[in-house]
Amino acid sequence: MSIEIVSVNKQFGSFTALNDVNLTVPSGELTALLGPSGSGKTTLLRIIAGLETPDAGSIRFDGEETTDRHVRERQVGFVFQHYALFRHMTVEENVAFGLTVKPRKERPSKKEVRERVHELLRLVQLEGLADRFPSQLSGGQRQRVALARALAVEPKVLLLDEPFGALDAKVRVELRRWLRRLHDEIHVTSVFVTHDQEEALEVADRIVVMNKGRIEQVGTPAEVYDQPANPFVFDFLGSVNLFHCRSEQGQARAAAPELSMGYVRSHDIEVERRQSDGAVEAEVRHIQAVGPAVRVELLVRGTGKTVEAELSRDGAERLALGLGETVYARPRKMQTFVADYQI
Amino acid sequence: MSGTSAKSVRTRTEPAPVRWLLIIVAFLFLGLFLFVPLAAVFAQALEKGWDAYLVAIREPDALAAVKLTLITAAVSVPVNLVFGVVAAWAIAKFEFRGKQLLITLIDLPFSVSPVISGLIYVLLFGLQGWLGPWLQAHDIKIIFAVPGIVLATVFVTFPFVARELIPLMEAQGKDEEEAAITLGASGFQTFWRVTIPNIKWGLLYGVILCNARAMGEFGAVSVVSGHIRGATNTIPLHVEILYNEYNYAAAFAVASLLALLALVTLVVKSFVEWRMRETS
Amino acid sequence: MATKPITRNTVIPGFGPTLGYTVFYLSLIVLLPLSALVVKTASLTWPEFIATVAAPRVVASYKVTFGAALAAAGVNALFGLLVAWVLVRYSLPGKRLIDALVDLPFALPTAVAGITLSSVYAANGWLGSILEPRGIKVAFTPLGIFVAMTFIGLPFVVRTVQPVLEELEEEIEEAAACLGANRWQTFRRVLLPELLPALLTGFALAFARGVGEYGSIIFIAGNMPMVSEITPLLIITKLEQYDYAGATAIATVMLLFSFLMLLTVNLLQKWSRRHAAR
């Protein structure tokens, strides 16, 4: 089922949480709402769910007006950031809850409920834990119970609020890959909120980048990463270096020479021993090995600005850099924007 | 996150008619059992006018009762205050076996009927009690005298300060005290300059409640007092006597003093609660 | 908990003196006097003890006391939950004032409560004059005992339920709504189980308080033997007749009940703590 969000506004006191947001989430896709905290992504998710009412605008499910429909009747599955499991109920009772509160006429029989619950627990790989209480589970397991509970009512849309936010780094990576595979299996239209760009890039079919209550860009992970629409998106999706574009970059000069800024990712900076076209002279200030990469901080001569380059271990060893040495830094790939945005 | 702080109105509340019904029923209940009796105390006290009111509370027996009540509170509040602080220090700052049992025992006087609280002292110090013959031989009067009243009051107000301070000091932990000690402070300096400022509101809270109970205790004191007018009557006992003599206006006049004390207690208590919430 | 060894490996001084004083003072003021009760009771033979505590008048007093206390605690559980709900969930003018006044029964001396309730519910009182013509006699009947016990037990349930209600996560209610539960189902199946330990604790505290209560009841009860005589009053009556052994025997029964309630409340609180641990 597709979701259409039309001109939605939401204000909390004097704080504008959402400012004229328009978005279409295509049926069957896994979409990420990505942005820093306070960007309005959680509010948007809660408005889609019906947990919050927009001040203006409308929400449509498959073209059908849904704005005023109560959350109970919206048939959305919502996975809360802290799971919100019912702690006095076992895993099985938690997952069954949505089925057992249905009106008597629609309620499946006890046997059917049981079968459905166990089918779901199989799906989320928690079969043996049906009789446990939430307090007896690990974070990752609770997360999967919350997911199974949301899926039990066969929602038309699955909404997840920072689904991996409360987990350890390692579990988080495992679980998000698992979620991706699960989505490929069940194909329910899903939207999840995250502030972690890596998570969004890895898991989502489509990323909605938000900032200050507005949508900055919508696109596939490749699109938003490789062709960011503006400096904010560029910055938010990875580390960035600024170059003033008075140099030989033709396209930059074509725009507005004085005001253009060149944006380059750290791993798109080539560090060389000798001068070449487009390279700037710099001094090595700091070298730090971080996991598989080596980060080199360079002071660009004559500007006082520092640039961070990310090299592979091999590349760094070949260059054999020493502190204080002079090198030449050349952006391999640069994008220019009019300089109305400051990092 | 951005949205969760603002409550969403539709999912977490009931339809308006249900809401109003619940509010009305709750208020009817509170009105019937709380507001009406409170108003009645003052209405009855002033039924015969201000003059009668002032006469009733200025009468010598009433003044003697006030004096005895003040003496009782002046003894029992400080001793239980000291005990509360000492017990809270031992329980909150150290780990030892039987701690939970100790806490339960400290709470014990709360679960004992006031009548029994008085009775146990009669059994100890009364004429037929363990120490009765010895006390009589030495001409020491405890039961049906002021010491008995004070003892019974100390018993019923025993847990107030301690039970306020123990959870408070446990929650605060002992990091700050340990820091003070490592900085060279002595035990007493640490206590006065680090612990006391941290617990002062909790302390005041306990003292206020302790005092209210000390001044208002009826059952326990009634057992040990002997009801001697002008000598062993506290304010609540004086109220009882006046009431049983059908002197209602005077009984309610004196009772209104205690009701005022209760209201002052509630005001101070609310203020302290507000301060504790502000500072935490 | 029980196997925790005595540890003194902390730099904070004063463990010995403070614990020593605590135990000493506790023994002197509480434990020693209470043991006098037990010792005195032990001077009775078993048949004597049974004959005293199971005499018809005494048994009648148990029935009145425990019956009224149970009813009052039940009413307080229901309405206390309601009051706590209204105070936590709804915004009302003067809410803080009402919230503060809920503690009035804790602060108001019981004798004052007793004479006031008795005059309000007497035939010519504010409420009595409305109720009596309709055939509802409150003052000087067992119903009066129930009214007084309801008054003094009123804050317990409100004060135990209120903090739990305040700290409930919004998310669990939202989760229930997302899963299709209506308001009543959410209350019944999600909120009430969360509140239950606190509610039961409040009920037990109100019940225990009602059973032991004396001051607020004797004025309104009428104190008719076999009908409206409460057990604490019976203890005093025996004492006034210099029947120390009789008074002590009945007191021991009540004390045992108090211990039982104390144990119950402790277990309930342990349960609710485990409940709260996530």
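In this predicted model, 25 residues of chain A are in contact with 22 residues of chain C, contact meaning heavy atoms within 4.5 Å. The size of an interface is often given as the accessible area lost when the parts come together. For chain A and chain C that buried area is about 2200 Å², with 60% of it on carbon and sulfur atoms; the term stands for the accessible area (1.4 Å probe) that two parts lose on being put together, summed over both. On the side of chain A, the residues that lose the most area to chain C are A:Arg72, A:Arg87 and A:His88, which together make up 32% of what that side buries.

Across this interface the rule finds 2 salt bridges, each defined as a side-chain nitrogen of Lys or Arg within 4 Å of a carboxyl oxygen of Asp or Glu. A:Arg87 forms a salt bridge with C:Glu194, and their closest N and O atoms lie 2.6 Å apart. The elements of chain A that give two or more residues to the side touching chain C are listed below; helices (H or I, at least four residues) and strands (E, at least two) are DSSP runs, numbered from the N terminus.

| Element of chain A | Residues |
|---|---|
| α2 | 71–74 |
| β6 | 76–79 |
| α3 | 91–100 |
| α5 | 139–152 |

Chain C itself comes to 13 helices and 0 strands, and its C-alpha trace spans about 70 × 65 × 35 Å along its principal axes. Of its 278 residues, 58% count as buried, that is, under 20% relative accessible area, whereas exposed means over 50% and partly exposed lies in between (1.4 Å probe, protein chains only). Among the contacts in chain C with a separation of 6 or more, 73% come from residues 24 or more positions apart.

Within chain A, A:Arg176 has its place in helix α6 (residues 169–186). A:Arg176 counts as buried because its relative accessibility is 2%. Not counting residues up to four places away in sequence, A:Arg176 touches A:Phe164, A:Asp196, A:Glu198, A:Glu199, A:Glu202 and A:Val203.

Residues are numbered from 1 along each chain as its sequence is written, while chains are lettered from A and ligands numbered from 1 in the order in which they are written. Local features need pLDDT of at least 70 and side-chain atom pairs count only at pLDDT 80 or more, whereas totals for chains, interfaces and linings use all residues, and side-chain values use heavy atoms, with hydrogens and water left out.
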